[in-house]
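Subject: The two-chain model, and what I found in it

Hi there,

Here is the structure I promised to pass along. Have a look at it first, and then read on for my notes.

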Amino acid sequence: MSSRDIILGRVRRALGEAPRGDAQTSYETAVDREYRREHGSRTTEETVGLLAANLADYRAIVHRCQDEEELPDLIMRLLAARGPQYVLVPPGLPPEWMSAADPTRVHDRAVSTTHDVDKVGSVVTGCAVAVAETGTIVLDGSPDQGRRRITLIPDHHICVVRVPDQVVSSVPQALERLDPTRPLTWISGPSATSDIELDRVEGVHGPRTLEVVLVSGE
Amino acid sequence: MSGTFVGMPAFPVAAHEAVGNTTLRANLRHATHTIRDKRAKAVAELDDWALLREAGKQIKDHTLRHLDTYLVQLEEAVTAAGGVVHWAADAAEANRIVTRLVKETGESEVVKVKSMATQEIGLNEALEEAGIAAYETDLAELIVQLGHDRPSHILVPAIHRNRGEIRDIFAKEMGEWGRPAPEDLTDTPADLAEAARLHLREKFLRAKVGISGANFMVAETGTLVVVESEGNGRMCLTLPETLISVVGIEKIVPTWRDLEVFLQTLPRSSTAERMNPYTSMWTGTSDTETADGPRAFHLVLLDNGRTDTLADEVGRQALRCIRCSACLNVCPVYERAGGHAYGSVYPGPIGAILSPQLRGTTSEIDASLPYASSLCGACYEVCPVAIDIPEVLVHLRERVVQGGPATRQGNRVVLKPAKGHAAERAAMRAAGWAFVHPGALRAGQRVASRTRRFHPRTLPGPGRAWSATRDLPQVPAEPFRDWWQRTHGKKESGK
């Protein structure tokens, strides 16, 4: 008998002979989902404000941009302040975002090794959705966000969020928007640890600096 | 302290030693109080916390009730997404599977993201025997591994170490395994974290095989979820060519939507944050077009005592646990005894009910764990999936003292009472006899009342240690039964 059969047999014996009903149909009624879809009532502008406040509370650096025309200048200034030689950009990033930037742009290619990516100082991406109540940005590997490794290995990540389109209030609302079959990364503030006497230290393995640019659209 | 958990002394002995360690007590007190205060604030931000807690409980209970269905559904979904599912009935089988999978890649080293399940089965030791080096990459796990030590907390495994100790461990041990610590390493947390970053980065960048656990598995979609802070999890889940995840069968949730409950309750209960810095979700392997992440994904579904726990209708609720560690941080016993005294990778209140169920109550340490509690109930209050830990503790005490039916490795067995509980068993038997013989009970109580002047303040013989720190309760001048008879007896008989 395979271990699969052994384990499933043990589960069935453990649960006894009593009829249990069909799992899927009974599930609809098995769980009371009276918890909130979002906490508190806010205007759209207040939701964006909450996102900015919660991002900053977890030590992401937040910038606001009135429209997409201001964006290239802002990105240029943010990169200049860090001075990386190379900047990684995902294949589908709108090219005009980087039109004012000085550093050499490199693209993530299947052939580039992790060591190649490690030589890059900064990365600029878009995002899939941002969650105001938790101060979270979510990446789903779309062309403007690229593969997971590009936002992981470089030490400096600039993430552009289109507000209010890409902002939701809460975790339940974010999950509704996401496709589970895509590789998803939820980022709340920069990499951090509290393992040594509970002193919070930013950055162990992921980017130590996370800058989030909130761009107002239309 | 080093070595494995096998042959650990029973909880009272280990706890007695730990309580004498003033550094440990100070570290623990600081840590647990800090986290518990922060947690209370984080929870207070959500005015529907009680509803989220109830929903989490209901989701997990439903899943356990239909676990066979969801395991099969998960297997289908993971397979459809390009993953390979393996089933492991016990620790030895899980270790054999993982060792074989690593060997098939031709590699002799792996990077690991912190995983309770792989600690539980002793995977690192099994890999080492097979000539495979397993590098722990969580900062606290690295401290534990380099220090030849054992984890003592679910969330912050090196909580028993202070910064000076950590500096010394890094300075002495890092060079043995790879990039040495810098010569001038100080004991500031930022410097220590930087040393770990540099030491581990070379391993991440060359690793071909990653090993993880998972916080959740979604049956509907085949999605796995890992929740972490440092980015070491993202490294292990993203960079290697092969990813092997070892996950307990109880970690399933039925639907994608269910994550909305646990992604709200887990971070706030564990690190007291609105959200942990990084959460990774992946479904099978990526298609070749995007080539994002490992090309080969293996999921090892682990039983190792979980189905035995499922068979116990009272104890089953321990399988709801989402490993947040909130119960540790509020436990007065954990705060003083520390995690090592529990002799298991699962310390604290949840460990006191999980370990004796996963491993059985035959060993001395496992028989003692249901007693590692004051039954104050604080653990139940904070539990985000409402596990009634005191209820299970009492249930397991009964099993230890009286024996009775249980399930071990899928077989129904009748347990004998554990050794070393003869006095308690005799007392319980005598009490049981007295309660069904009211005349004897009344006579005994009267004797006790009338001799109260002669009662000692401390117990003689084996009870002396117990009464050394406590006053014995005063016996009242008149038994309640006599008082009732005297003041109410006539009225009742007059009806």
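How many residues of chain A are in contact with chain B, and how many of chain B with chain A? Please keep in mind that this is a predicted model. In it, 77 residues of chain A are in contact with 98 residues of chain B. On the chain A side, the residues that lose the most area to chain B are A:Arg148, A:Asp195 and A:His205. Together these three account for 10% of what that side buries.

The size of an interface is often given as the accessible area lost when the parts come together. For chain A and chain B that figure is about 7,700 Å², and carbon and sulfur atoms carry 56% of it.

Now the chains one by one.

Chain B

Chain B contains 24 helices and 12 strands. Its radius of gyration is 26 Å, close to the 23 Å that the globule rule gives for 495 residues, so chain B is as compact as a globular protein of that length. The C-alpha trace spans about 90 × 55 × 45 Å along the principal axes of chain B. As for burial, 59% of the 495 residues count as buried. If you take the contacts in chain B between residues at least 6 apart in sequence, 72% of them join residues at least 24 apart. The accessible surface of chain B comes to about 20,500 Å², with 54% belonging to carbon and sulfur atoms.

Chain A

Chain A has 218 residues, with 6 helices and 12 strands. A compact globule of 218 residues would have a radius of gyration near 17 Å, but the value for chain A is 22 Å. Along the principal axes, the C-alpha atoms of chain A fill a box of roughly 70 × 45 × 40 Å. Buried residues make up 56% of the chain. Of the contacts in chain A between residues at least 6 apart in sequence, 71% join residues at least 24 apart. Chain A exposes about 9,200 Å², and 48% of that is supplied by carbon and sulfur atoms. The charges here are 24 positive and 33 negative, and their mean positions lie 8 Å apart.

Is B:Thr242 buried or exposed? Its relative accessible area is 11%, under the 20% cut-off, so B:Thr242 counts as buried. Beyond residues up to four places away in sequence, B:Thr242 touches B:Thr105, B:Lys208, B:Val209, B:Gly210, B:Pro294, B:Ala296 and B:His298.

With 9% relative accessibility, B:Ala214 counts as buried. Leaving aside neighbours within four places in sequence, the contacts of B:Ala214 include B:Leu224, B:Val225 and B:Val226, and also B:Val246, B:Val247 and B:Lys251. B:Glu120 is 94 residues from B:Ala214 along the chain, and their C-alpha atoms are separated by 14 Å.

Happy browsing, and write back with any questions!

Best wishes

Note on methods:
Residues numbered from 1 in each chain as written. Chains lettered and ligands numbered in written order. Predicted model: local features only at pLDDT ≥ 70, side-chain atom pairs only at ≥ 80, totals over all residues. Heavy atoms only, no water. Helix = DSSP H or I, 4+ residues; strand = E, 2+ residues; numbered from the N terminus. Rg over C-alpha atoms; globule rule 2.2 N^0.38 Å. Buried < 20%, exposed > 50% of the residue type's maximum accessible area, 1.4 Å probe, protein only. Contact = heavy atoms within 4.5 Å. Areas by Shrake-Rupley, 256 points an atom, 1.4 Å probe, with all protein chains shown as cover. Buried area = accessible area lost by both parts, 1.4 Å probe. Lys, Arg positive; Asp, Glu negative; His and termini not counted. Charge placed at Lys NZ, Arg CZ, Asp CG, Glu CD.
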